[in-house]
Amino acid sequence: MKLGTIIGLNLDELEHDLRKLHQMGFTSCQLCCWQPDRMTAESAVIVKKLAVECDIEISALWCGWEGPCEWNLIHGPGTIGLVPAAYRHKRLDTLMKGSEFAEMIGVTDVITHVGFIPNNPFDAEYTGLVEALRYLALTMKQRGQYFLFETGQEAPVTLLRTIEDIGTDNIGINLDPANLMMYGLGNPIDALSVFGTYVRNVHGKDGVCPNNGRQLGHETAIGQGMVNYPAFIRKLKEIGYDRYITIEREISGEQQTKDITAAKQYLEQLWAQA
């Protein structure tokens, strides 16, 4: 297991963030970017240099996209990811740029939220999505890369079928156990029985289920939500997973650092005991 956190692609803060990560005892990170104009050849040189100097492995590029986005259960299906046809083409272009940037910094895995994938495989949005992702995956395969779905907005079995329908061998999953809870779409331990062989990265995050049909459940510090982390870690080891766990805490400031530090210690203990 390699523990890390998420670092934003902000060149003004990148050296500080990577050195802090190293001082906290982490060995990896996911590099996250929602601004395509930051993914340049010039910034790639800086990223590679700082990663080597700070002895931090970049396990994946988390590539965001432009346009409207509402993180809820009502307007989310029409605004998040590549599922909405109105935004698909532009967002696909952004992911293609992300793949190019990932190659420049020597990273093989590119992650994003694809959106609320329809359960009905004959839905026009589903068939269009699969075609777009197959094109992306085939392009990335030429670069020796993997495209990773971040879990959350789709049922586990729907995600499995989507991967099967895309049909390439360079598709994987960034399993966020909290997201499955927060969207009310699955239990992460059960989900590993459905798609565990495709998991290439894991978010160390916790949260609770929704308490109404409009808003997501809220995120919490690890160990304070509904993810059964002892059982989750045991299941990861049971299926042979021994790659990255990337801690994510969606707050800022001193409390974020405290929660990440506590999560690191907790996960190390669970991994040793599992």
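Predicted model: local features only at pLDDT ≥ 70, side-chain atom pairs only at ≥ 80, totals over all residues.
**The barrel**

Begin with the strands. Eight of them form a closed barrel in the order β1-β2-β3-β4-β5-β6-β7-β10, and the pairing is parallel. From one strand to the next, the twist averages 30°.

Next, select residues 28–33, which are strand β2, together with residues 57–63, which are strand β3. These two strands pair in the parallel sense over 6 bridges. To find one place where they face each other, pick S28: opposite S28 stands E57 in β3. Strands of a sheet pair through backbone hydrogen bonds, either parallel or antiparallel.

**Aromatic pairs**

Turn to the rings. How many aromatic pairs does a search of the whole structure find? The search finds 7 aromatic pairs. A pair of aromatic rings is described by the distance of the centres and the angle of the planes.

Select F116 and Y183. Their ring centres are 5.8 Å apart and their planes stand at 70°, so this pair is edge-to-face; the cut-off for that label is over 60 degrees. F116 belongs to the loop between β4 (109–112) and α5 (124–141), while Y183 belongs to the loop between α7 (177–182) and α8 (188–195), so the pair ties together parts that are 67 residues apart in sequence. F116 and Y183 are both buried.

Then select Y229 and F232. With ring centres 5.7 Å apart and planes at 85°, this pair is edge-to-face. Both residues lie in helix α9 (residues 229–238), where they are 3 residues apart, about one turn of the helix. Are Y229 and F232 buried or exposed? Y229 is buried, because its relative accessible area is 2% and the limit for buried is under 20%. F232 counts as buried too, at 1% relative accessibility.

For a group of rings, select W34, W62, W65 and W71, which form one aromatic cluster.

**Charges over rings**

First show R161 and Y126: the charged end of R161 sits over the ring of Y126, 5.7 Å from the ring centre. Then show K264 and F26: K264 lies over the face of F26, at 5.8 Å from the ring centre.

Technical notes
Residues numbered from 1 in each chain as written. Heavy atoms only, no water. Pairing = 2+ DSSP bridges. Helix = DSSP H or I, 4+ residues; strand = E, 2+ residues; numbered from the N terminus. Axes fitted to C-alpha atoms, helices over the stretch in contact; angles between N-to-C directions. Phe/Tyr/Trp six-rings, centres within 6.5 Å; stacked < 30°, edge-to-face > 60°. Buried < 20%, exposed > 50% of the residue type's maximum accessible area, 1.4 Å probe, protein only. Lys NZ or Arg CZ within 6 Å of the ring centre and 35° of its normal.
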